[in-house]
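This report describes selected local features of one protein chain. Please keep the sequence and the structure in view while reading.

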Amino acid sequence: MSPARTWPVLRLELAGPLTDADRDRLLMDVDDTASIGLEEDAGGVSLYFLQPRERDAAHETLTGAGWDTHATLTVLDVPDDGWAAKSQADLPAVRVGRIVVSPPWDVARLRADLQGLPEAERPDVIEIEPSTGFGTGHHQSTRLCLQALQHIDVAGLDVLDLGTGSGVLAIAAVRRGARAAVAIDPDQDAIDAATDSVARNRTPAVSLRTTGLADPTLQPAPLVFANLTGVLLRREAARIQGLVVPGGRAILSGFTTDEATWVQQAFEACDLEERFDEESWVAFLLRRRR
Ligand code: SAH
C-alpha cells in the first residue's frame with residue numbers, strides 16, 4: 001500500500017444550497033479546469049485534482065468566472081481516506097444479482113453455503129483482496145456496473161475496462177463469457193492489485209496494462225467499462241466513445257445524480273439504454289449509434 005497521501009482540493013464554501021441553474025453553471029466552469037472529481041455536500045463543493053498547480057489554476061479560473069462572489073474559495077490538501085483500505089478487516093462479501101464479490105477469508109464459507117443452491121441459481125464468486133485497488137464491491141458505483149453487466153449478453157465479446165482498480169469488472173465480464181478483456185489503470189498499485197485478482201480468480205483472459213485512457217494503442221471494443229468520475233467521463237467522453245465500436249456498448253459510473261444529465265450530454269454519439277441508481281450514485285448502459 002502507498003504511504004498516506006493527500007489530494008489537492010479546491011473547496012467552495014457556499015452560503016446556501018446550489019440551485020440547479022448554479023450547479024449547471026458550476027459544472028460547465030469545472031470543465032475548464034483539470035479537476036478529476038467533484039463532491040457536493042450540504043456546505044458546498046470540493047473539487048479534487050491530481051496536482052497542486054492544477055488546483056491553483058482552477059482557483060484562478062473559478063475566481064475569473066465570478067464564483068468568489070457566491071462562495072468562499074479555499075485551497076486544501078485533504079488526506080486520502082483510503083477508499084480501498086477503509087475498514088478492510090471486516091468487509092463482508094457483497095452480492096449483486098448473480099455475482100458475489102468476496103474477500104479471500106469469506107470465500108470458503110460462501111462456496112459451502114452456495115453448494116446448497118441448484119447449480120442454475122448459484123452466483124459466480126469473484127475473490128478480491130480488499131487491500132489496494134478500488135473495487136471490492138463496497139462502493140455503489142462498482143455494484144451498479146455489475147448490475148448493468150448482467151443486463152446484457154457478453155458471450156464472446158472483447159472488453160475494455162478503463163480504470164480497472166482491483167480488476168473486478170473485467171473479471172466479472174470474463175466469468176460471464178466475454179472472450180477477453182484489456183484492463184488499464186494509470187495507478188501501478190491498482191495494476192498490482194488487479195494482477196493478484198486475476199491470479200486468484202484464474203482469469204488469464206484479462207490482460208492488464210499500466211496506462212491511461214489517452215494511450216493511442218488501445219483498440220475499440222464492443223463493451224467498454226468506465227467507472228471513473230463525472231468530471232473525467234465528461235472531459236474524456238470523445239475518447240471513450242471512440243473506444244466503443246459502432247453498435248457497441250459502454251457501461252459508465254462513478255458519477256452522482258446531480259452530474260447525470262451533464263455526463264449524458266457529453267456522450268452524444270450514444271443512446272441511453274438503461275440507467276441504474278443506488279443512493280445518489282448512477283450508472284448508464286449506453287449504446288453507440290452505428
Ligand atoms: N473499475 C473498478 C475501479 C473504479 S475506480 C470498479 O468499478 O470498482 C476508478 C479507477 O480509475 C481508479 O483505479 C483510478 O486509478 C483509475 N483512473 C483514474 N484516472 C484514469 C484515467 N485517466 N484513465 C484510466 N483510469 C483512470
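## Loop residues

Ser35 lies in the loop that joins helix H1 (20–31) to strand S2 (37–41); helices (H or I, at least four residues) and strands (E, at least two) are DSSP runs, numbered from the N terminus. The model is predicted, so that local features need pLDDT of at least 70 and side-chain atom pairs count only at pLDDT 80 or more, while totals for chains, interfaces and linings use all residues. Residues are numbered from 1 along each chain as its sequence is written, and side-chain values use heavy atoms, with hydrogens and water left out. Ser35 has a relative accessible area of 0% and is therefore buried (buried means under 20% relative accessible area, exposed over 50%, partly exposed in between, with a 1.4 Å probe and protein chains only). Not counting residues up to four places away in sequence, Ser35 touches Val30, Leu47, Tyr48, Phe49, Val231 and Arg235, where contact means heavy atoms within 4.5 Å.

Thr229 is placed in the loop between S11 and helix H7 (230–235). Its relative accessibility is 17%, so Thr229 counts as buried. Apart from neighbours within four places in sequence, Thr229 is in contact with Ile36, Gly37, Ser253 and Gly254.

Asp258 belongs to the loop between S12 and helix H9 (260–266). With a relative accessible area of 35%, Asp258 is partly exposed. Its contacts, not counting residues up to four places away in sequence, are Arg23, Leu27 and Glu40. Asp258 and Arg23 are 235 residues apart along the chain, yet their C-alpha atoms are separated by 8.1 Å.

## Strand S8 and its partners

Strand S8 (residues 158–162) is mostly covered, with four of its five residues buried. S8 pairs in the parallel sense with strand S9 (residues 180–184) over five bridges, and also in the parallel sense with strand S11 (residues 221–227) over four bridges; strands pair if DSSP finds at least two bridges between them. Val159 stands opposite Ala181 in S9 and opposite Leu223 in S11.

Together, S8, helix H5 (residues 168–175) and S9 make a right-handed β-α-β unit. Right-handed means that, with the strands pointing away from the viewer, the path from the first strand over the helix to the second runs clockwise.

## Helix H3

The end C-alpha atoms of helix H3 (residues 104–115) are 17 Å apart, which agrees with the 16 Å that its twelve residues should span at 1.5 Å a residue (the expected span is 1.5 Å times one less than the number of residues). Asp106, Val107, Leu110 and Leu114 are the buried residues of H3. Viewed down the axis of H3, these residues fall within an arc of 115° and so line one face of the helix; the arc is that of the directions from the helix axis to the C-beta atoms.

On the other side of H3, Ala108 and Gln115 are exposed. The cover over the buried residues of H3 includes strand S6 (99–102) and strand S7 (124–127).

## The aromatic pair

Rings of Phe, Tyr and Trp (its six-membered ring) pair if their centres lie within 6.5 Å; planes under 30 degrees apart count as stacked, over 60 as edge-to-face and the rest as tilted. By this rule there is one aromatic pair. Phe255 and Phe284 form this tilted pair, at 4.9 Å centre to centre and 55° between the planes.

The pair links distant parts of the chain, as Phe255 is in strand S12 (residues 244–256) and Phe284 in strand S14 (residues 281–288), 29 residues apart. Both Phe255 and Phe284 are buried.
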